[in-house]
Amino acid sequence: MDMQLVFDWAWLPRLSDGLIVTMQLTGACLAGGAALGLLLSLARVYTRGPVYWLASAYVQFFRGTPLLVQLMIIHFGLPTVGIRFEPFISGVVAMGLNTAAYQAEYFRGAIQSVRSGQTLAARSLGMSPLQTVRYIVLPQALRLVIPPWSNELVYMLKYSSIVYMIGVSDLMGVGRTISARSFRFLELFIVVAMMYLAVVLILTFALRWLERRVHVPGLTTTGRRG
Amino acid sequence: MNSDSADHLLRVEDVHKRYGREEVLRGVSFTMERADTKVIIGASGTGKSTLLRCINKLTDPDQGRVWLENQEITGRRAPVNRIRSQMGFVFQDFNLFTHLPALDNVRIGPQRVKGIRRREATTLAQEALATVGLKEKAQSYPAQLSGGQQQRVAIARALAMSPKLMLFDEPTSALDPELIGEVLEVMVKLAKEGMTMLVVSHEMGFARTVADEIIFMEGGVILEQAPPESMFRNPQHKRTGEFLRKISDLYGESE
Ligand SMILES: Nc1ncnc2c1ncn2[C@@H]1O[C@H](COP(=O)(O)OP(=O)(O)OP(=O)(O)O)[C@@H](O)[C@H]1O
Ligand SMILES: [Mg+2]
């Protein structure tokens with residue numbers, strides 16, 4: 001038995017391609033999820049009746065069921081009713097729908113921590129509800145949401161690795177393929193792990209920088225005064 | 001439209017409001033003329049804040065009508081945002097926009113509500129800040145200002161909309177005693193310059209200096225309404241006299 005750790009540099013270009021797919025997948029699902037999540041959160045904060053209930057049911061469903069099950073339903077289940085996606089698209093759709101539910105909750109928390117008196121003040125100036133949300137509530141909520149949102153980004157980047165199961169050649173998928181041929185499981189997956197970690201660290205730092213960049217004195221989730 | 005409503009700057013007619021079982025306003029009527037200053041007093045929970053909010057429709061009255069000049073804000077199809085933008089509102093706890101520096105807090109109304117171009121809105125905002133004596137704090141965020149300064153920015157924010165009427169809901173009661181004076185000073189100046197002001201406040205020094213009338217509310221109605229001196233000297237109701245003595249003890253009378 002070969003006890004030496006071996007890493008073949010020729011793997012690197014393929015692993016890098018996989019990493020790019022992982023990042024594209026994560027980027028697409030986060031962006032879509034942010035748009036949908038924002039709408040869901042607005043529905044949960046500002047509406048009542050059917051719209052509120054629909055949004056709440058959505059959030060409950062996607063937070064209450066495993067992402068892997070959702071992925072299986074979308075990729076292997078939907079073709080039964082004639083809806084068929086490429087593996088990459090299935091991944092984006094499943095992960096996007098899932099992260100939307102989580103992001104909706106983060107946005108909702110941030111929106112609700114904007115002091116309600118400011119909404120009254122905006123209305124007293126003659127702003128419409130929409131203007132109030134746009135000029136007063138969202139600029140504050142979007143700043144407050146950065147920390148939880150960073151966590152979501154890290155989760156999604158990591159959990160995107162499940163898409164190898166439906167045949168996407170993401171970082172995990174490429175690692176699996178190479179290792180199955182070379183039998184260098186330990187070396188390969190250590191390298192794969194390091195690549196995930198590197199991206200996670202870079203993005204975490206970037207978001208911390210952004211958070212500081214847009215920081216406003218007195219604007220915190222807990223400090224509700226002034 | 002009521003034929004004589006146009007003669008008054010503000011006309012409040014038989015306003016009622018209930019929260020659940022509690023009838024907070026039980027038919028309030030009064031009018032204000034241009035450049036009037038009226039001060040509303042009354043015990044806690046008698047509906048003073050509710051009345052102010054019914055006037056600019058931050059709260060919907062259940063019944064009754066309110067006109068600003070000849071515009072009825074309570075009308076079924078009334079352009080509420082537009083009428084409301086002509087009434088400034090100053091809150092007890094300031095409610096400045098946390099994410100905006102003082103200048104932007106003041107500018108955002110003219111710019112976004114009235115659609116005034118940025119440069120002119122900036123000039124308006126600077127003038128309003130100068131009026132409240134805070135020109136040099138234009139770039140400070142609310143969290144970097146004292147309570148008194150925040151309240152003056154809030155007054156500037158309302159002023160920048162060139163309102164026809166200013167509503168103040170206990171503008172000094174959240175302030176430390178040493179900061180009250182600077183806010184009252186601005187309000188006295190506004191009153192003397194001819195702003196129409198409806199002020200909920202128990203600062204009797206202020207009332208005596210500038211109020212044309214004091215409105216005493218009790219149990220959701222106006223119990224008595226009279227110029228300060230005559231109300232102090234000769235209250236028509238026993239309750240009025242008792243209440244005036246009580247707040248004079250609590251707040252003192254000196255300016
Ligand atoms: N949004 C609301 N929902 C339910 N009840 C309310 C609401 N706003 C006010 N009330 C009730 O209406 C009554 C009058 O309140 P309001 O704030 O108008 O009194 P106030 O005269 O301004 O008192 P204070 O001097 O304490 O400010 C109070 O009993 C209050 O609890
Ligand atoms: Mg009140």
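Visitor: How many bridges join strand β1 of chain B to strand β4 of chain B, and in which sense do they run?

Guide: Strands of a sheet pair through backbone hydrogen bonds, either parallel or antiparallel. Here β1 (residues 10–19) and β4 (residues 63–68) of chain B run antiparallel and are joined by five bridges. Two strands count as paired if DSSP finds at least two bridges between them. Strands (E, at least two residues) and helices (H or I, at least four) are DSSP runs, numbered from the N terminus. Within this pair, Val12(B) stands opposite Val66(B), and Glu13(B) stands opposite Arg65(B).

Before we go on, this is a predicted model: local features need pLDDT of at least 70, side-chain atom pairs count only at pLDDT 80 or more, and totals for chains, interfaces and linings use all residues. Residues are numbered from 1 along each chain as its sequence is written, chains are lettered from A and ligands numbered from 1 in the order in which they are written, and side-chain values use heavy atoms, with hydrogens and water left out.

Visitor: Which sheet holds these strands, and what is its order?

Guide: The sheet is open and antiparallel, with four strands of chain B in the order β2-β1-β4-β5. Its edges are β2 (22–32) and β5 (71–72), each pairing on one side only. β4(B) and β5(B) form a hairpin with two residues between them, and Glu69(B) in the turn has a positive phi of about 50°. Two bridges link that pair; Trp67(B) has Glu72(B) as its bridge partner.

Visitor: Which helix lies across β1, β2 and β4 of chain B, and at what angle to β2(B)?

Guide: Angles run from 0 to 180 degrees between N-to-C directions, with axes fitted to C-alpha atoms (for helices, over the stretch in contact). Contact means heavy atoms within 4.5 Å. Helix α1 (residues 48–55) of chain B lies across those strands and runs at about 60° to β2(B).

Visitor: What is the order of the six-strand sheet, and what is its pairing?

Guide: In chain B the order is β6-β7-β8-β3-β9-β10, an open sheet with mixed pairing. The edge strands are β6 (87–90) and β10 (221–226) of chain B. From one strand to the next, the twist averages 20°. Helix α5 (residues 147–159) of chain B touches β6 and β7, its direction making about 170° with that of β6(B). Helix α6 (residues 177–192) of chain B also packs on the sheet, touching β3 (37–41), β7 and β8, at about 150° to β8(B). For a parallel pair, look at β7 (residues 165–169) and β8 (residues 197–200) of chain B, joined by four bridges.

Visitor: What area is buried between chain B and chain A?

Guide: The size of an interface is often given as the accessible area lost when the parts come together. With a 1.4 Å probe and the loss summed over both parts, the area is about 2,200 Å², and carbon and sulfur atoms give 63% of it. Contact involves 26 residues of chain B and 23 residues of chain A.

Visitor: Which side chains meet in a salt bridge there?

Guide: The rule asks for a side-chain nitrogen of Lys or Arg within 4 Å of a carboxyl oxygen of Asp or Glu. Asp93(B) and Arg115(A) meet it at 3.9 Å, N to O, and the count between the two chains is one.

Note on methods:
Buried area is the accessible area (1.4 Å probe) that two parts lose on being put together, summed over both.
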